[in-house]
Amino acid sequence: MVLYKGPQLLDFAKTPPHLQFNKYVLTGYRPVSTAQECLRSLFYMHNELGNIYTHGIPFLVFLVLLPFSIPWMEVDSVWICVVHYLACLSPTMGSVVYHLFMNHMGGEHVYDTLLSLDMFGVCLVNTLGALPIIHVTLLCYPTIQQATLLVYIFLSAYGIYRATTAYNSIMRLRAFVWQALFRFSLFLFRAYGSGGGSPNSLRLFVIMDSLAVLGGVVNVIQIPERLIPGLFDNWGNSHQIMHVMVICSIIYLHWATVEDLAWIKAYQCPM
Ligand SMILES: [Zn+2]
């Protein structure tokens with residue numbers, strides 16, 4: 001994509017140390033820029049362009065199209081729909097801002113703030129995305145349901161703190177593990193206990209979490225660029241693969257939640 005002739009791009013060795021987080025991406029680094037210059041980088045090729053668009057385009061698509069497939073008027077608790085919509089939007093929003101402005105002239109301080117914003121978006125989809133799951137799974141146990149929602153929100157706040165203050169990708173991945181384990185225990189309660197939910201949604205939720213975990217692992221092990229450094233500088237590197245998996249994971253979250261909302265409408269808790 002070359003709509004605008006950009007500045008001279010830098011090699012890995014010439015880019016500021018805080019932007020040297022993937023030694024297998026050798027070229028295509030934008031120079032330190034003003035906010036306006038960062039915005040202009042939407043229109044010329046560099047090694048963050050793929051990251052910006054793999055989350056920027058889905059963000060716009062979700063923003064416009066998701067409201068049409070959410071059954072706002074058919075559920076008693078509209079908050080579930082609002083929370084689900086925000087969950088689907090949050091990871092892509094923080095990510096676009098982070099990737100677009102990471103080379104801002106404010107330096108490492110601005111970079112760290114933007115990275116925390118990116119992590120905050122990922123935490124939000126984990127936290128908000130799980131609230132409808134808890135609501136549906138414990139639908140027939142209102143007291144336990146409310147207590148679980150409160151405990152989950154409280155523990156999520158701690159997870160957000162851990163993820164936004166982590167200083168490497170392994171620590172960030174670890175900050176999300178307990179939330180995944182919490183969801184997994186809800187899935188077990190659905191599969192083998194007396195938890196509520198559509199029979200079709202459980203499979204979709206498991207695919208959702210598998211895609212997210214797989215994306216996180218690919219990002220940490222930096223494959224394929226580790227195998228052939230320099231070949232995937234602009235397109236096809238591990239971070240972009242993770243972005244695509246995150247989008248697929250959000251789509252599965254949406255399908256599964258819509259299934260559950262339809263199930264609630266037709267279900268009557270036993271006396
Ligand atoms: Zn990213």
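What pattern does the chain follow when read along the sequence? It runs α-α-α-α-α-α-α-α. Here are a few notes to go with the structure above, which is a predicted model.

1. **Overall make-up.** The chain has eight helices and zero strands. Its radius of gyration is 20 Å, close to the 18 Å that the globule rule gives for 271 residues, so the chain is as compact as a globular protein of that length. If you like to picture a box, the C-alpha atoms fill one of roughly 70 × 35 × 30 Å along the principal axes.

2. **Burial and contacts.** Of the 271 residues, 39% are buried. Taking contacts between residues at least 6 apart in sequence, 70% join residues at least 24 apart.

3. **The α3 and α8 pair.** Helix α3 covers residues 78-101 and helix α8 covers residues 238-266. Their axes come within 10 Å and cross at roughly 170 degrees. Angles over 145 degrees count as roughly antiparallel, which means α3 is roughly antiparallel to α8. On the α3 side, the contact is made by I80, H84, A87, C88 and P91; α8 brings V246, I250, L253, H254, T257 and L261. Sorted by type, the residues of this contact are eight nonpolar, three polar and no charged.

4. **The nonpolar core.** How many residues does the largest nonpolar core have? It has 49, and those with the most contacts inside it are A87, M208 and L253. The elements giving two or more residues to this core are α2 (49-69), α3, α4 (108-137), α5 (142-165), α6 (169-192), α7 (201-221) and α8. As background, nonpolar side chains tend to be buried together in soluble globular proteins.

5. **L253, worth a click.** Setting aside neighbours within four places in sequence, L253 is in contact with A87, C88, G129 and M208. A87 and C88 also belong to the α3 side of the helix contact described above, with L253 on the α8 side.

6. **G197, a loop residue.** Where is G197 found? It is in the loop between α6 and α7. Is this glycine buried or exposed? G197 has 26 other C-beta atoms within 10 Å, and 20 or more count as buried, so G197 is buried. Leaving aside neighbours within four places in sequence, its contacts are V136, T137, R190, L202, D260 and W263. The C-alpha atoms of G197 and E259 are separated by 8.3 Å, though these residues are 62 apart along the chain.

Conventions
Residues are numbered from 1 along each chain as its sequence is written. This is a predicted model: local features need pLDDT of at least 70, side-chain atom pairs count only at pLDDT 80 or more; totals for chains, interfaces and linings use all residues. Helices (H or I, at least four residues) and strands (E, at least two) are DSSP runs, numbered from the N terminus. The radius of gyration is taken over C-alpha atoms; the globule rule is 2.2 Å times the number of residues to the power 0.38. A residue is buried if 20 or more other C-beta atoms lie within 10 Å of its own, exposed if 12 or fewer, and partly exposed in between; C-beta atoms are placed from the backbone. Two residues are in contact if their C-beta atoms, placed from the backbone, lie within 7 Å. Axes are lines fitted to C-alpha atoms, for helices over the stretch in contact, and angles run from 0 to 180 degrees between N-to-C directions. Angles under 35 degrees count as roughly parallel, over 145 as roughly antiparallel, 65 to 115 as roughly perpendicular and the rest as oblique. Ala, Val, Leu, Ile, Met, Phe, Trp, Tyr, Cys and Pro count as nonpolar, Asp, Glu, Lys and Arg as charged, and the others, Gly among them, as polar. A nonpolar core is a set of buried Ala, Val, Leu, Ile, Met, Phe, Trp, Tyr and Cys residues joined through C-beta atoms within 7 Å.
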